Amino acid sequence: MAAEAGDCREVSSLAVEGWHVARQGWLTRWLSMGIVVALATPALADSTQDKKLDPLQWAVVDSLRYPERTTPQELLEAAIRAASVEALEPTLEFLEKFDDAFAAEPNKEETLAALGGYFQTPELSRFQRFLKRTAPAEQVDAVTFLMNGIQAAAQKKRIDADRLNKAAVDLQSNDIFTRQKAANTLMEGGTYALPMLIDLLMETGSDHNRLSESKSEFRSRKLTEEIIGQLGERGVRALVAWLGSDDFKRFPGIIDALNILVDSRCLPAGRTTNPNASAELDVASVLFAPAFIPELGDSTRSAAMRLLVKLEQQGLTDFSGEPFTKDLACRMLTTKLDELLTPHGIPSTDSLTEETTSNISPQPAVEQYLWVTDTNRPEIRYLPPNACRSLRAGHIARDLSGLGCAHPNTVRLVLLAQSEALLVFEKSPSSALNTLPVEVMTGALRGPEGFSTELTAEVLNDALDRSIPLAAAVAARAIRKSGKNTSLTNSTIQSPLVRALAAPSTLVQFEASQTLAVTSPQLPFSGSSRLLNRLLYFANSSGIDEALIVHPNHDTTEFLKSSISQYGFVPSSVSNGRLCIRKVRQSPDLRLIILSARLPDLSASEVVELLQQESLGRQLPILVMLDPLDDNKACRQRTRLVLRLHDLGNAMLTDRLDSQFFPTLKSTTNGEEVIPPRFPETLTRITGPQAIDAGWRQEQRKNRLQRASIALTILEQLGYDGWDIREAFPVAHNGLTHSETFNPAMQLLANMPSPAAQRSLFDLAWAPDLDKRIRKKAVDSLGTSLEQHGILLPNSTLRIINDMYNEDNHRDDSSISRDLVALFQPPKK
């Protein structure tokens, strides 16, 4: 299909962002960019236009000038034909005239759509390539914007619901020309015409339920079947996604359409020929529930059963000779869901997203149909692989729930899929989890007998086994927030939570730490030291984006520090690999590691591998920096690094040239062009597009400080429960420097039986120019510490207090002296 063979990314872009050309008009946007002037000034083109045209070029150009062309379509066609013989000046001349003609058009959107329907994508692409090679950048940008507008307008017209609905009505006309035009319109609409085609199928009945029909109905049904049969594999994927919606009344028509596509041999590659079959939803898998759920109606059930029988007869599914029963459907769907919820169930990327920022490369994605409630039809979206897997697993999980499959393994898989789906489409899963209502979490983890912490712990265990961190985080939080009484000695709950402390996900580790502290506060228990270690780690956040530079040369380190700081990172540095590993263990604020390719103790690849083995909760992005000499002369060193880092997804080899961090100038025929620095692109490739999103980074910093505050509060409570929390003094002292962590840090210091903690509170209370409310909190916390632990202050501090008591020369600080001295005076009898 022409509509489907084109670039479907346009459809995704239109669906997500809206069609800005339709709102502004192409000419208005063009004028706002100052591009009309560029097109209207051929003299700005490079010197190649001054060369004389050869006889063939003159012949083509003359044929285009006479007779005179006046409409936008004629003038754009002339520009394209002039470009085909590489006549630049005439091409720009026709574009100038096109600009004037287009400005005079009353309906610019309709004009763009007509141009998109007239010109083929390949000839527009060749036209753009010619201008990109010969014309100035401003003109290229203008024409690229025009081409995008043409294709977007044409696509919008092809998939317009009103136009397709009218075509569906005209398909039943008695006039052959009207029917042919309607059929062409519906074929152009591709899978976006499926709702209209399904309605036609259901109106005219099927071969199995119609008693009689008129000649007109028979004719329109055959035309509908022919159009559906040409949708091919895309049609199958759209209909399969549609069966995952709640549009139950159309299920009989959807299954009839799938029947047509099965007869036309348009199914996707099967298990024997498709290595990614375990990640795909095959037709049989989505028909089991419609075939057995009574609430869907007899017509749906009979249509699904007939198609399942046909699939088995054609060898497209295998029931192993068993009678087709509900029990068999449950077992086959459980097997399918089990396959999906493994690393093999994550589909391979087959497309690229479209980024709104011009200097950022598109990201790998999976083209997936999903049901869009607003438009009431299945539409293409480009999803991350994990989100795509979750969508497909959710479809199967819903069908298993509808069938009432109650095997324990089936129930755990369903709950696993449902809990992951709560967060997988969120931009910031951590923030979304913090605001997720308890009833939503417990509802997603509710088994046949209701919510159970033991069953939720089993789901947590499965999520850890299958590397599904979002489901694990939801399960750990649900155990804590459900309000269910959990036995402190219940290993069924405690063991998975202790395992989660070493999960490769910061979110999972933090949720498990909180839940363990609530459910297992009494010492000793297996994993208690690991719990304390994780709480200290989270409490050590300062709310910054830290970048660690690992390089043995001081001058190079300083250069990298100054370079990286302009991108919002706070740089720190170490000189060797062992210090790097120690630093990573301590700082939750580390967002990036810049690693020298040559280190004095460990090799770069050894450092990367050791960091991957650390239970840090995340894999930090690592940029392995080649020195200029490595890049130019030591090809063996570079080759070895490339081979060793190839399978390490969190590490990337790059350089430290000036162009990496700073803008550079490039000489062109039109002067000097400013080339932006490469570091944003490098950062995006290693960490994803969110790395240069200031809003997203700010939200992550806020989340880390919030975690630090919670961790400090938990440590204080553990101190009350008898834990030795003196090890937490450095993180508590650091917490006094941030408003978000100030109160819990001060309370933790007050509860800590440590001379250093008391001295820290005393120094804060005695500090000059301190806000009165903060000073009062410090004095009260010091008083709490003295009451609980006695006087632990060193002699130097006690002498200061003695001077305050005996001397009256601190008039400026008299109130401070009285408050502090009062804490050390014996109570009056």
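## Exercises on a five-stranded sheet

From strand S6, Glu-546, Leu-548 and Val-550 point one way and Ala-547 and Ile-549 the other way, and all of them are buried. Buried means under 20% relative accessible area, exposed over 50% and partly exposed in between, with a 1.4 Å probe and protein chains only. Strands (E, at least two residues) and helices (H or I, at least four) are DSSP runs, numbered from the N terminus.

Before you start: this is a predicted model, where local features need pLDDT of at least 70, side-chain atom pairs count only at pLDDT 80 or more, and totals for chains, interfaces and linings use all residues. Residues are numbered from 1 along each chain as its sequence is written, and side-chain values use heavy atoms, leaving out hydrogens and water.

**Exercise 1.** Find the order of the strands in the open sheet, and name its edge strands.

*Solution.* Step one: recall that two strands pair if DSSP finds at least two bridges between them. Step two: read the order of the five strands, S7-S6-S8-S9-S10, with parallel pairing. Step three: look for strands that pair on one side only; these are S7 (570–574) and S10 (651–655).

**Exercise 2.** Which residues stand opposite Ile-549 and Val-550?

*Solution.* Start with S6 and S7, which run parallel and are joined by five bridges. Here Ile-549 faces Ser-573 of S7. The chain gets from S6 to S7 through helix H30 (residues 554–565), in a right-handed β-α-β crossover; right-handed means that, with the strands pointing away from the viewer, the path from the first strand over the helix to the second runs clockwise. Now turn to S8, which also runs parallel to S6, with five bridges. In S8, Leu-595 is the bridge partner of Val-550.

**Exercise 3.** Which strands does helix H31 touch, and at what angle does it run to S6?

*Solution.* Axes are lines fitted to C-alpha atoms, for helices over the stretch in contact, and angles run from 0 to 180 degrees between N-to-C directions. Next, follow H31 (residues 577–586), which packs on the sheet and touches S6 (546–550), S7 and S8. Its direction makes about 165° with that of S6.

**Exercise 4.** Where is Asn-376, and is it buried or partly exposed?

*Solution.* Locate Asn-376 in the loop between strand S2 (364–372) and strand S3 (377–383). Then check its accessibility: Asn-376 counts as partly exposed because its relative accessibility is 37%. Finally, note its phi near 60°, a positive value in a residue other than glycine.

Definitions and conventions: Contact = heavy atoms within 4.5 Å.
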